[in-house]
Amino acid sequence: MNPIQVKQLLNDVIKNQSDYVELRWHRRTANQFLATKGRVDVANQSRTEGVGVRAFIQGAWGFAATANVTPEGVRKAIDEARRNAKIIAQLRQDSKSSLSSVRLSTQDFVGDGFKELTGLKVTDKLGKVIDIERELQSSSQFIQTARVRYTEYLEEKAIVTTDGANCTMQIAQPELSLSAIAENAGDRSTYHKGAGVSGGWTCLFKHPSLDHVVNDVAKISVDLLKAKYPEGGKKTCILGPAVVGLLSHEAIGHTVEADFVKSGSVAQGKIGQMVASPLVTLADTGCETTQGYAMGNLPFDDEGVETENTIIIKNGILNSYLHSRESAAEFGVKPTGNARAWLYNDEPLIRMRNTYILPGKQKLENMIAEINDGYLIEGAGSGQADANGEFMFGSSYVWHIKNGKRQTLLKEATMSGIAFDVLKTVDAVSEEFKWDSGTGHCGKGQPAKVDAGGPYIRCQMNLGGRQS
Amino acid sequence: MQSNSTPSSTIEQQLAQRAENLELGAHHLMQFASKKGADRSKIAVSASFEQRLAVESGHFTLANSLASQSVSLLLHKDQKKSSASANTTDLKTLEQTCEDCLALASFSVADPYLIMPSADEAPKATPLDHLFDNPLSSLELYELKDFAQTVLSRLTKDKRVALDKCDMAISSSFHGLYNSLGVMQKERQTALSWSFFGMAVDGDEVSGFDYDGRHVYRFEGALQEALRDADRFVEKVIGNLYPKKAKSYKGQVLLSPRAVEEILLETLLFHAAGTSVMDKKSLWMEAINQKVATDSLSLIDRPHESRLTGATAFDSDGLPTREQTILEHGVLKMHLLDCYSAHRLSKKSNGMAGGPFALTMSPGKETLENMRHGRGDLLLVDRFSGNIDTVRGDFSGVAKSSRMLHNGSDQGPVTETMIAGNIFEILKTIPAISNHQELVSGAMLLPWVLIDQVSVSAG
């Protein structure tokens, strides 16, 4: 069945339901190829399909899911979800939730590139992955292992609720990542780079991160063989778009998710307060179109709320949290379209989409020229942030800046700090901008495809290095 | 192949019905794949019933019941391979999935080392009956709520605890693995699981977050275990309040069992892995029976250990699992080989496809009390949030939920404290290992380990 046919089925089943019932059909087709050492380690197609049902009775949620996409299967799941909601209603008689009223989506959305990607032959996709791996492996005598991974998610959804959501979407999310281990005389170094988009095959390969990607991965992994570690301590740093994306997502984004705010995150009670330099405006968007190439675009969230560009920090002042319909009702604001579920059998949680700092007016080269002794930090590793705003990120490599110039390539560094404190030290924001986190997943009980990015920003930050 | 269970049938009966359907489907698929030209096929199937209660911000927010299933295929044709999976038992859909999978294989690269074990190489594994508990499988969601309320009361007794999320779930599952050379394995498990995530808030002071949780296979004694974990969680988040700056130094650091897992094990297992050896990425390619760490370090995989969540009767190639020593008194005793990496290395698999499954590190001789004392400044690292380069063994990151000790006396929690070092250097000079082990996330049994040569940078 196609999404429109499923939507009709869901409409037939939901008729005459009392209370709030939400039916969410989700079919994900995921194709994944992994080539390394001249062989194909993974050539996999997986398909997952079913209907997730939420019932909201007496201010309490019940959830059930079924892979049986028939009227009988969905009706049975509704009965289970209703029964489950009643159990929760009994357990929390003193504390009831409500849902904010909002105009829900009725669109049938087909995303850019969906038809292109579904129409492309698998031989072309797998062949390209094999070719890139061969090119990377043969690009330098020092490349010990090349590894190329391609993943595409083809997402199809239909959402029907008793209060008006009646929408479908078909979107494509392809991504490509390359990594290399370089080796020389017993020394080893690694480097990886990639990109992901909400779009098709053509859009993916136009992503700026994939310009000269084979040469970049080979060159940097080999150059890092000779590199030393940066010196630890508090330093003047210019963070590249990937690191700015990590900072925006991990250190700020999670602390402003309304469920986390309710629990007491560091952002609680700070709306309207100055939390960053006036140069910083930070947002989370589900409908990014101006810069292109963002991975986390969605026409509506998994409650049927149309997505928007939510300004979290405006000129340094905390402006908004990220909301589901339930949290928006509790905070007395409009929902922001951030309720997302990973698969049909996951319940929606408050999640980010594309999180970023808006570009400024400075040129990167001028920002570098103004530093006597500092670091330019490029490429993001993993990252994590804490309830109190303390964060940790890894980077791929670091340039030592001396007397206004990039001097020496150094190995990766780990950075840490208190997010709002670091953002208050921002004294320059570049006009150059890039989405640069489209190959990863965010984890919060469930995975989620997100993107993050930004301009280059200059700030003070702790670098983890070696003590002598 | 739709389930014909009735509402009155028990979960155990429904699981048995699903398992039978899945087994029939697996055999049908293997025949179909062969008819369509596959040289070999492997089918892995699973079914589970799960019921869950979720708590957010200290209140019950959601009750959830799920029945799920999946069928995964791995096909070899003309020395090429591909795989596919679907969450259906509808035969027409699965046949189409099989045909798509074969088409995908034809575009792949030929690999003469592809292999699957025969029934002789992978005899039927002895089922681990202790992993399935009838009282647990028959527990209903409304019965779980009493358990959950008791644990929640314990977690929120101290009003400074801000419990962000807490889940409690019961599940019954079946897992089968079959291949066209006659391998047939199956097992079933029950689980009662809990997880806590949150922090402490005292006025304007917000602590770092922490988490705890695990699962047990049996209902008996589960509440006491969950309450013990709840007490430990509360103690940790309250203990994280009002952190201070640490001192910078280079030297010894005391790792909790959780930090041992997070910092040391990934790199150790990467270099012991058969795939790393076959791809010449391992530094321990020629190190079998050689010393790679200090005498005090021993690692044993115990796949039949009923306290550990990874327990299983067979590996993902279908070979029966068994207790195996990976590292004995610092000497590497084996590489972790699945059938493919073993074939590439002209060896036999040791049943480690997807393993190790239930890792234990042997206890040492020191008491924890002695390890904390008499060392001037000593950072106690309970959790590590950072990056590890498994190829080189370098690690760098933030010490979370961690404390500064001075001559054994607790100086309190620390903030913005980073640690860095190299795991291979550390392995050569481990000063002490505790004389007791602790469960880590229910998945491993590990001791406390004192390590040296670590850079501690205070923010």
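Me: What makes a radius of gyration agree with a compact globule in chain A?
Reply: The radius of gyration is taken over C-alpha atoms, and the globule rule is 2.2 Å times the number of residues to the power 0.38. This is a predicted model. With 468 residues, the rule gives a value near 23 Å for chain A. Chain A has 23 Å, so the two agree. Its C-alpha trace spans about 70 × 55 × 35 Å along the principal axes.

Me: Why is chain B called as compact as a globular protein of its length?
Reply: Chain B has 10 helices and 21 strands. Its radius of gyration is 24 Å. The globule rule gives 23 Å for 459 residues. The value is close to the rule, so chain B is as compact as a globular protein of that length. The C-alpha atoms of chain B fill a box of roughly 70 × 55 × 35 Å along the principal axes.

Me: Why is A:Asp19 called partly exposed?
Reply: Buried means under 20% relative accessible area, and exposed means over 50%. A:Asp19 has 39%, so it counts as partly exposed. The residue sits in the loop between α1 (3-14) and β1 (20-36) of chain A.

Me: What makes the phi of A:Asp19 worth a remark?
Reply: Most residues other than glycine have a negative phi. The phi of A:Asp19 is positive, near 60°.

Me: How do you know that A:Lys37 is neither buried nor exposed?
Reply: Its relative accessible area is 31%, so A:Lys37 falls in the partly exposed class. This residue also has a positive phi, near 55°. A:Lys37 belongs to the loop between β1 and β2 of chain A.

Me: What makes strand β3 (residues 80-86) of chain B mostly covered?
Reply: The test for a buried residue is a relative accessible area under 20%. In β3 of chain B, 5 of the 7 residues are buried.

Me: How do you know that β3(B) pairs with β2 (residues 59-77) of chain B?
Reply: Two strands pair if DSSP finds at least two bridges between them. Here there are 7 bridges, in the antiparallel sense.

Me: How do you know that the peptide bond between B:Gly355 and B:Pro356 is cis?
Reply: Omega is about 0°. Most peptide bonds are trans. B:Pro356 lies in the loop between α8 (339-344) and β13 (359-361) of chain B.

Me: What share of each chain is called buried?
Reply: In chain A, 63% of the 468 residues count as buried. In chain B, buried residues make up 58% of 459.

Me: How are the charges of the two chains placed?
Reply: Chain A has 53 positive and 54 negative side chains, with the centres of the two sets 1 Å apart. Chain B has 47 positive and 57 negative side chains, and the centres lie 3 Å apart.

Technical notes: Residues are numbered from 1 along each chain as its sequence is written. Chains are lettered from A and ligands numbered from 1 in the order in which they are written. This is a predicted model: local features need pLDDT of at least 70, side-chain atom pairs count only at pLDDT 80 or more; totals for chains, interfaces and linings use all residues. Side-chain values use heavy atoms; hydrogens and water are left out. Helices (H or I, at least four residues) and strands (E, at least two) are DSSP runs, numbered from the N terminus. Buried means under 20% relative accessible area, exposed over 50%, partly exposed in between (1.4 Å probe, protein chains only). Lys and Arg count as positive and Asp and Glu as negative; His and the chain ends are not counted. The place of a charge is taken as NZ of Lys, CZ of Arg, CG of Asp or CD of Glu.
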